[in-house]
Amino acid sequence: MSESIWCFEDVNLYQVLCPHKLKEYGKDHFEGFKKGDFIYFPEDASQSIFMVSKGKVKIVTYNGDGEEVVKAILGKGEIFGEKALLGEDKRSDYAMACMEPTVLCPMKLPDMYQLMRNNEKFGFSIYKLIGLRIRKMERRLEGLLFKDVRTRLCEFIKEMSEESGNVIGSEIIVPHFFTQKDFADLIGTKRETVTRLFNELKEEGIIDYSRKEIRVLAKEKL
C-alpha cells in the first residue's frame, strides 16, 4: 500500500491530482489551514473537490442535540467534497482542519470532469471511492445504533486491516495516522474507553499497537 490511502485498481489518486503532476498549476495552488480552521460549512456552494496534501481533515455534522458526529478523518492522499460530483449544489457537512499545518490541493469541478474523461480508470476509481464511502457510512451508523463500543472498535480495526493492511507471516500490519481521540470520535465514544479497549485487545493477544501502526495478531477474534 502506498502513502496514499485511496488507491484503487493501481490508480494512485494523489499522483493524478497533485498539482505537481499538472503543469498548469503553480505553488500558489495549495491552500494552508491551521488546526480548527473550517474549510467549508453546510450551505456553502459545492464547487471543488479537495485532496489532502498534508495534515488531517475531519468531516463532521451535528445531531439534533447539538452533539458533533464525526463522519470521517482523512489524511494525505485522500479526497473529500466528492459529493459535488454527484450533483450536490451545497455542502451538507462541515470540513475542518484537525492538524497543523494542513495543506490542501483544491480541484474545480470542470477540471475534475476533464481528468475523469481523459482517464477512464481514474474516473472509475473516483466513483468506486464514493460508493465505498457511502457503504462505510451506512455500516458506521448501523453500528452506532445497534452495536456495543467494543464491537464497533473491532469492526473498525478489521475494516482498516482489509483496506490497507500488509500481511507479514501470520500478522497483518496496519499503518495509520489516527490518535486515540480520532478512534473515539469515529466510533462514537470517549478516548478513555478506546484506551481501555486497546489495552484489553492487546492483553488478549488479538492486536498489538503503536502510534503509527496496529499489528493484528488474531483477525478471527476481532
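**Exercise 1.** Decide whether D208 is buried, partly exposed or exposed, and find its link to R215.

*Solution.* Start with the cut-offs: buried means under 20% relative accessible area, exposed over 50%, partly exposed in between (1.4 Å probe, protein chains only). D208 has a relative accessible area of 21%, so D208 is partly exposed. R215 is at 26%, so R215 is partly exposed too. Next, apply the salt-bridge rule: a side-chain nitrogen of Lys or Arg within 4 Å of a carboxyl oxygen of Asp or Glu. R215 and D208 meet at 3.1 Å, N to O, in a salt bridge.

The model is predicted: local features need pLDDT of at least 70, side-chain atom pairs count only at pLDDT 80 or more, and totals for chains, interfaces and linings use all residues. Residues are numbered from 1 along each chain as its sequence is written, and side-chain values use heavy atoms, leaving out hydrogens and water.

**Exercise 2.** Describe the salt bridge between E163 and K136.

*Solution.* The N to O distance is 3.5 Å. Now place the partners. E163 lies in helix α4 (residues 149-164) and K136 in helix α3 (residues 120-146), 27 residues apart. Helices are DSSP runs (H or I, at least four residues), and strands are runs of E, at least two, numbered from the N terminus. E163 is partly exposed at 32%, whereas K136 is buried at 16%.

**Exercise 3.** How many salt bridges does the rule give?

*Solution.* The count is 20. Some join up: K71, K83, E88, R91 and D93 form a network of salt bridges.
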